[in-house]
Amino acid sequence: MDLEKQPEPAPEKQPQRPAAPAETGVTDPRGSLRASDADRDRIADILRDALAEGRLDPEEHSDRIDAVYRAKTVGELEPIVRDLPSARTGQEREAAYAYGPEESEGAADSLVAIFSSTTRKGRWRVGRRTNAFALFGNIEIDLTEAIFAQRLTTINATSIFGNVEVRVPENISLRGNGSGVFGNFEVVTLEGADPQAPVVVINGYSVFGNVEARPKRGKWITDLQGKLRKHLGH
């Protein structure tokens, strides 16, 4: 007697597992970011300090600077300064400007030109207030390499049949308040992108003379308090 064949049970369907996400190879989101000019400048500043302190010799400094400006991402920049004590991570950016402690109000600096010429330029410490008086003379005040000990600097300028010229870096704030009587009072207003940048205010007037304040093209100051320290390393 033939046994009736029983139908074989259908194989159980295995539950489908979701596909594993594709490997991206990115383990450090911060390090994969494209480096900006500000990132490169920050690393270059650290290397400059290291050279000044004797931590790097000139050849090492040159090699690392070349690597800085070849780097494409932040992850390529950080190892360049990993062995230096002043190295900072991207999240620990230093303030662009640092000023000394507030000083008590003292006597203003004075510049006078009577039938003569007076110039203040180069590396000098800017006082909180400066009075400039020109009578049939010329005064030039150049702040492009100056050290600012405070955020607000006021220059009171008076020109009678004379000339007072003020030049400032392009990345500070410059404001003016004055007038000219048969003369010229001209201040090119600037607003620094950084809210902590120095502010220079020009007050005064001219009588048959000229008072002028404007930025000096191509002159920029970044870390104002540390600039002298960096300069001594060259």
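There are 8 salt bridges in this structure, a salt bridge being a side-chain nitrogen of Lys or Arg within 4 Å of a carboxyl oxygen of Asp or Glu. The model is predicted, so to speak for local features pLDDT has to be at least 70, and side-chain atom pairs count only at pLDDT 80 or more, while totals for chains, interfaces and linings use all residues. Residues are numbered from 1 along each chain as its sequence is written, and side-chain values use heavy atoms, with hydrogens and water left out.

| Pair | N to O distance |
|---|---|
| Asp-83 and Arg-64 | 2.9 Å |
| Lys-216 and Asp-142 | 3.2 Å |
| Glu-165 and Arg-167 | 3.8 Å |

Take the salt bridge of Asp-83 and Arg-64. It links distant parts of the chain, 19 residues apart: Arg-64 sits in helix 2 (residues 58-70), and Asp-83 in the loop between helix 3 (74-77) and strand 1 (109-114). Helices (H or I, at least four residues) and strands (E, at least two) are DSSP runs, numbered from the N terminus. Asp-83 is exposed at 53% relative accessible area, whereas Arg-64 is buried at 18%. Buried means under 20%, exposed over 50%, and partly exposed in between (1.4 Å probe, protein chains only).

Next up, Lys-216 and Asp-142. Lys-216 is in the loop between strand 12 (210-215) and helix 4 (227-231) and Asp-142 in strand 5 (residues 138-142), so this pair ties together parts 74 residues apart in sequence. Asp-142 is buried at 3%; Lys-216 is partly exposed at 31%.

Finally, Glu-165 and Arg-167 belong to a salt-bridge network with Glu-186, Glu-212 and Arg-214. Glu-165 is partly exposed at 26%, and Arg-167 is buried at 17%.
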